[in-house]
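User: I am new to reading protein models. Can we go through this one together, term by term?

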Amino acid sequence: MVTKFAARALVGAATVAATLALPATAHADLQNFQSPSGHIFCILDSNGADCDVSEHTYQLPPPPECAQSFAWGDRFTLEGGKPAAISCHGDTLRVPGEPTLNYGQTRSAGTISCQSQPSGMKCTDSSSGHYFRVSRDSFDLG
């Protein structure tokens, strides 16, 4: 099962490759960034946000069926107008050299914004109020 988020991550990887050859204006609203700790990597565009958490220690609920074939438990997704979720994936958002979103800074695309906080990364959809907050030690879906 390939989700819209996996497809967006693939586009993000292609965008990183294209960055070397194309001017910045060719990227629309796609943004990749990492937390200051280097443990959270995110991709953001006007359709939503995805963040991968490395070396996490939080407790997870029972996995869904897709976890039998794909990685699960370290990717958090927020699609415009929908509740945040933990999603299965077969890729990574971790790309060496991504810009750091320092604590207190926010990146936005459409109604979706992500803010780097000392307690983790929080991504919110202002149109619905749905969000996720992730760190190595905990997560919250709302």
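User: Which residues does Val53 touch, not counting residues up to four places away in sequence?

Analyst: Val53 touches His39, Ile40, Tyr58, Asp74, Phe76, Val134, Ser135 and Arg136. Contact means heavy atoms within 4.5 Å. A word on the source: this is a predicted model, where local features need pLDDT of at least 70, side-chain atom pairs count only at pLDDT 80 or more, and totals for chains, interfaces and linings use all residues. Residues are numbered from 1 along each chain as its sequence is written, and side-chain values use heavy atoms, with hydrogens and water left out.

User: Why is Val53 called buried?

Analyst: Val53 has a relative accessible area of 2%. Buried means under 20%, exposed over 50%, and partly exposed in between (1.4 Å probe, protein chains only). Therefore Val53 counts as buried. Val53 is found in strand E3. Strands (E, at least two residues) and helices (H or I, at least four) are DSSP runs, numbered from the N terminus.

User: What makes the link of Cys42 and Cys51 a disulfide?

Analyst: Their sulfur atoms are 2.0 Å apart. A disulfide is a pair of cysteine sulfur atoms within 2.5 Å, so Cys42 and Cys51 form one. The torsion about their S-S bond is about 105 degrees, so this disulfide is right-handed.

User: How many disulfides does the structure hold, and which pattern do they follow?

Analyst: The structure holds three. With bonded cysteines counted along the chain, the pattern is 1-2, 3-4, 5-6. One of them joins Cys66 to Cys88, S to S 1.8 Å. That pair links distant parts of the chain, 22 residues apart. Cys66 lies in the loop between E3 and E4, and Cys88 in the loop between strand E5 (85–86) and strand E6 (106–109). Another disulfide joins Cys114 to Cys123, S to S 2.1 Å.

User: Is Cys123 buried or exposed?

Analyst: Cys123 has 0% relative accessibility, so Cys123 counts as buried. Leaving aside neighbours within four places in sequence, Cys123 is in contact with residues including Ala49, Leu78 and Phe132.

User: What joins the side chains of Arg75 and Asp52?

Analyst: A polar contact of 2.5 Å joins them. The term means a pair of N or O atoms within 3.5 Å; within protein, one must be able to donate a hydrogen and the other to accept it, and residues adjacent in sequence count only if both atoms are side-chain atoms. Arg75 is found in strand E4 (residues 75–79). At 1% relative accessibility, Arg75 counts as buried.
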